[in-house]
Amino acid sequence: QDTWQPLSLEPVATSLIALLAIGFVAFTGLLLRLNRAQFRRLLAVASIMVVIQIAIGLLQVVSSGQPQFYSLRQGATMLGLFANKNHLAIVIACSIAIVGFVVVRDYFNAISSGRNAIFRGRAAMATYLLIALTAIVTTNSRAGLILGVVAALPVLFNFSRGVALRWRLAIIVVLVFLAALIISTSAFETVSGRVAELDDDLRWNMLEWSKPLVESYWSLRLECPGSLCSRF
């Protein structure tokens, strides 16, 4: 049509999100002002907050959704303080990389040195990795499960460097055993069943519907009415 069109189908909601984005941009700007040590301490605080979320989520899993912070009831699903299970799952997946590459190294290098610090760091990371991946399974999030595995692989590779071959094999055997235990749980059956339902997910239909729009307007070309454009 030869008329201006709104940039949003929900202008009021879009305006509210824009206002919220101001706070996010301001927070990001403050992060850029931190030095290296301050930023790493902030990552440690963020990791502690994730652990608190997991602890709350465990209560929700064992008590069929309690404590419940939102009206939408999702049963024995790990949500923490989030309203959406995908949000918590992705946060936990991100925390695997943060804990593995930053927090564990900083903390154990501070309290000990040499082989002792390396051994304790690996033990702590293995423990957190097991807890994090198990927690992601209980969120029933497909995206979180995939991203959790993606985050775990480089962390495992990093901590396996310098480890004797026999210990690597022992670790692989333990991981396979633990993976088998997780896979045998009802929670994993639920999330794996959701992976098999991808073809029925409306988001794939939305992607197909959006494809012609992306092909036509990927460069964000805006056409204005002829009478208005003629003024410029």
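Arg40 counts as partly exposed at 22% relative accessibility (between 20%, under which a residue is buried, and 50%, over which it is exposed, using a 1.4 Å probe and protein chains only). Welcome to this predicted model, where local features need pLDDT of at least 70, side-chain atom pairs count only at pLDDT 80 or more, and totals for chains, interfaces and linings use all residues. Residues are numbered from 1 along each chain as its sequence is written, and side-chain values use heavy atoms, leaving out hydrogens and water.

**Salt bridge**
- Arg40 forms a salt bridge with Asp106, their closest N and O atoms being 2.8 Å apart (the rule asks for a side-chain nitrogen of Lys or Arg within 4 Å of a carboxyl oxygen of Asp or Glu).
- This pair links distant parts of the chain, 66 residues apart: Arg40 in helix α2 and Asp106 in helix α3 (residues 85-111).
- Helices here are DSSP runs (H or I) of at least four residues, numbered from the N terminus.
- Asp106 is partly exposed, with a relative accessible area of 33%.
- The salt-bridge count comes to one.

**Nonpolar patch**
- Phe27, Phe39, Leu42, Val45 and Met49 make a nonpolar surface patch of about 450 Å² (residues with over 30% relative accessible area and no salt bridge, nonpolar side chains being joined within 5 Å; areas come from the Shrake-Rupley method with a 1.4 Å probe).
- Helix α2 (residues 36-62) gives the most to this patch, with four residues.
- Phe39 lies in helix α2 and is partly exposed, at 37% relative accessible area.

**Charge and ring**
- The charged end of Arg105 sits over the ring of Phe159, 5.9 Å from its centre (CZ of Arg or NZ of Lys must be within 6 Å of the centre and within 35 degrees of the ring normal).

Technical notes
Patch = residues over 30% accessible without salt bridge, like charges linked within 9 Å, V, L, I, M, F, W, Y side chains within 5 Å. Helix = DSSP H or I, 4+ residues; strand = E, 2+ residues; numbered from the N terminus.
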